[in-house]
Amino acid sequence: MISVEEALEKVLSYVEVLDAAETPILDSLGQVLAEDVYSGINIPPLDNAAMDGYAIQAKDTEGAGSESPSFLRVIDTVAAGSISETEVTPGTAIRIMTGAPVPRGADSVVRFEDTDEEERKQASAGGMSGEIGILCKIKTGLNIRRAGEDVTRDSLVLAKGTVIRPAEVGVLASLGRSRVKAVRRPVVAILSTGNELVNIDQPLPAGKIYNSNTYSLAALVRRCGGIPRILGIARDSEESLVAGLREGRDADMLITSGGVSAGDYDMVKDVLAREGEIGFWTVRMKPGKPLAFGRIKSTDKGGASRYIPHLGLPGNPVSVMVTFEIFARPALLKMMGRKDLARHTVEATLADRVVNSDGRRVYTRAIIEKRGDKYFARLTGPQGSGILTSMSRANGLVVVPEDRAEVKAGETVQAIMLDWNEA
Ligand code: AMP
Ligand code: MG
């Protein structure tokens, strides 16, 4: 039996960063940039108004105040998307909307609120008089967004390796890019094993249970950015298992659930040994001890042989989810080129006592809350590895180290946050 660290190291050593592909920017959300992105344009392209107002020459407002306005002649109006051909000269102003390019001759924009426009509108029932009063002294450059102040042409805007978040999608769009080179998402083939399993949507005969692992696994894969490929259910025979695994041979990773314990019908590791090689079997953790990991021999499109990492997770629904979190998630993130493989952890005061009878690392389902500036954890209730609703109630996993036979209420523990939310 190996430690969680040794097991994780082995799993990570079997996977590599995947190749990159041109991806529509919206689909690339959560992926890692595989190219340096330079800008071919200035953003904004031209000096433009930051406010609705009047484009003027600042020196025309020398001595202006609410009691002594500077009166200027309004010679044009310009909206965002248009360019005024008229030049602002001393004593004149051009009415300008936010985003519109600043006309030639103007050096600042005075906002409507600092003019007598509102008064004039009321006095003349909406019609404009051809003149505007400026009610204060304006500094040169006021309310002008400079060309290139966000992005300058030819500069590096997003570096290779950046994780694409909504802001990066927006930045790419602002450069006019519809596609970007990003590290591909791993395709993860998911196969559940067990004679007791019935497909959801089917009637449930006596002695059978619904196949839930396929769906919790597919959801976990999708949540960390992978593409789940559901292979369905394999029965507890070598034939059925081998046939199921063959279906997944063009995937980037294979995940099976069940059939890795020491029972009569647990044949995943035998098949894994025959169809590839076993990296390890059994990890010093609870839940999840009978985890099997290795790689299955396959061939790529060109006929060259290759190996697919295979995680043989135990069948219990909680074990499946916990072992995915600890091993599959970091492996998939590594394949996607991510560097941040670990979940956020916090130190929390535990409200319950946990006993650890056999020297394994225990991951208990817990509800972690922040009160003041401290975190507090309490267990979700019964911790059986078949009680899937305990995962549904939990937002984190409290870790009890293998060398601790007991953690008392009130002690400080590490909690792995499955849902990271400060509140
Ligand atoms: P195994 O590791 O194959 O011995 O499975 C352990 C237990 O997990 C089984 O007795 C089932 O109750 C449960 N189990 C196995 N596979 C699934 C599945 N796909 N969905 C829900 N429960 C499962
Ligand atoms: Mg089974």
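How much space lies in the largest pocket? About 630 Å³, where a pocket is an open set of points on a 1 Å grid over the protein atoms alone, places where a 1.4 Å probe fits, with protein on both sides within 12 Å along at least five of seven lines. The volume is the space filled by probe spheres set on the points, with points joined across faces, edges and corners. Lining residues, meaning those with an atom within 4 Å of a point, number 40, and G315, N316, P317, S319 and S385 are the closest to the pocket's centre.

Before going further, some ground rules. This is a predicted model, so local features need pLDDT of at least 70 and side-chain atom pairs pLDDT 80 or more, while totals for chains, interfaces and linings use all residues. Residues are numbered from 1 along each chain as its sequence is written, chains are lettered from A and ligands numbered from 1 in the order in which they are written, and side-chain values use heavy atoms, with hydrogens and water left out.

Strand 14, helix 7 (317–335), strand 22 (354–355) and strand 23 (361–371) each give the lining at least two residues, and strand 23 contributes the most, with 4. These elements are DSSP runs numbered from the N terminus (helices H or I, at least four residues; strands E, at least two). By class, the lining has 14 nonpolar, 19 polar and 7 charged residues; here Ala, Val, Leu, Ile, Met, Phe, Trp, Tyr, Cys and Pro are nonpolar, Asp, Glu, Lys and Arg charged, and the others, Gly among them, polar.

So what takes up the space of the largest pocket? That's ligand 1, given that a molecule sits in a pocket if more than half of its atoms lie within 2 Å of its grid points. Around ligand 1 are 16 residues, with N211, S212, N213, G259 and G315 the closest; a residue is near if one of its heavy atoms lies within 4 Å. Strand 12 (187–193) and strand 14 (209–210) each supply at least two of this shell, which has 4 nonpolar, 11 polar and 1 charged residues.

Now look at the polar contacts, pairs of N or O atoms within 3.5 Å. A polar side-chain atom of N211 is 2.9 Å from a nitrogen atom of ligand 1.

Conventions
Polar contact = N/O pair within 3.5 Å; in protein donor to acceptor, adjacent residues only side chain to side chain.
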